[in-house]
Amino acid sequence: MRILIVINNISAIGGTERVTSHVANLLAQKGYMVDILSIHQRSLSTFFSVNKNIGQLSLYPHEISLMKSLIPASFKLYRIAKKYDVVIFSDTQMTLLSGLIALMSKTKVIAWEHFNSTIVTRFGSRWFGRKMAAWLSDLVVVLTKQDQTSWQAKYWIKNSIKVIPNPSAIKIKEKAVNEIRTSTVISVGRYTDQKGFDLLVQS
């Protein structure tokens with residue numbers, strides 16, 4: 001099976017890039033032929049390790065406005081994606097480019113949501129991307145049961161929506177966890193409203 005994962009920029013540093021790289025590596029280890037396509041990517045060097053058997057492609061060598069380049073980018077992606085069995089859009093905002101693939105090819109489309117359903121973009125591109133994901137994707141993947149319920153209430157899901165939590169590349173040592181005798185808790189993340197550190201401290 002040939003799998004293409006579409007992401008904004010795999011060389012960026014963030015949670016979406018981390019988990020996309022990890023899942024791509026896991027799929028490659030299972031024997032699938034996997035390629036990662038960035039909408040724009042200046043360098044093949046990535047912050048998170050990518051299996052050497054995974055191909056890296058990009059539509060543009062420089063950063064673009066997805067909304068302004070929507071039509072030409074959709075055609076460029078379609079010509080590439082129709083050769084694959086499955087296309088996974090890593091971020092439902094990327095499904096803005098999925099129309100031609102879903103309607104004019106036999107390629108299966110999976111929309112992978114990385115944000116909770118309350119997160120929106122300034123000009124509505126994420127909302128519209130979610131609408132397209134719901135209408136055109138063979139499968140929508142969300143991270144939690146709460147998001148699944150929210151999607152089902154907000155959008156008309158044409159096919160299926162599944163909950164698949166993010167995998168972790170960090171191996172948990174059960175013995176070390178069981179030996180913890182301190183009440184100190186450490187959390188690392190981006191200090192924004194989205195991450196809810198205020199709620200974490202309160203908890």
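Mentor: Let's begin with R2, whose charged end sits over the ring of Y84, 4.6 Å from the ring centre. To count as sitting over a ring, NZ of Lys or CZ of Arg must be within 6 Å of the ring centre and within 35 degrees of the ring normal. R126 does this with F115, at 4.2 Å from the ring centre.

A word on the source: this is a predicted model, where local features need pLDDT of at least 70 and side-chain atom pairs count only at pLDDT 80 or more, while totals for chains, interfaces and linings use all residues. Residues are numbered from 1 along each chain as its sequence is written, and side-chain values use heavy atoms, leaving out hydrogens and water.

Now to the charged partners. Side chains of opposite charge can pair when their charged atoms come close. The structure holds 3 salt bridges, each one a side-chain nitrogen of Lys or Arg within 4 Å of a carboxyl oxygen of Asp or Glu. R126 is in one of them, with D91 as its partner and 2.8 Å between the closest N and O atoms. That pair links distant parts of the chain, 35 residues apart: R126 is in helix α4 (residues 125–136), and D91 is in the loop between β4 (86–90) and α3 (99–104).

R130 forms a salt bridge with E113, with the closest N and O atoms 2.6 Å apart. R130 is buried at a relative accessible area of 0%, and E113 counts as buried at 1%.

That leaves D138 and K108, whose closest N and O atoms are 4.0 Å apart in their salt bridge. D138 lies in the loop between α4 and β6 (139–142), K108 in strand β5 (residues 108–112), and this pair too joins distant parts of the chain, 30 residues apart. D138 is partly exposed, with a relative accessible area of 29%, and K108 is partly exposed at 47%.

Key. Helix = DSSP H or I, 4+ residues; strand = E, 2+ residues; numbered from the N terminus. Buried < 20%, exposed > 50% of the residue type's maximum accessible area, 1.4 Å probe, protein only.
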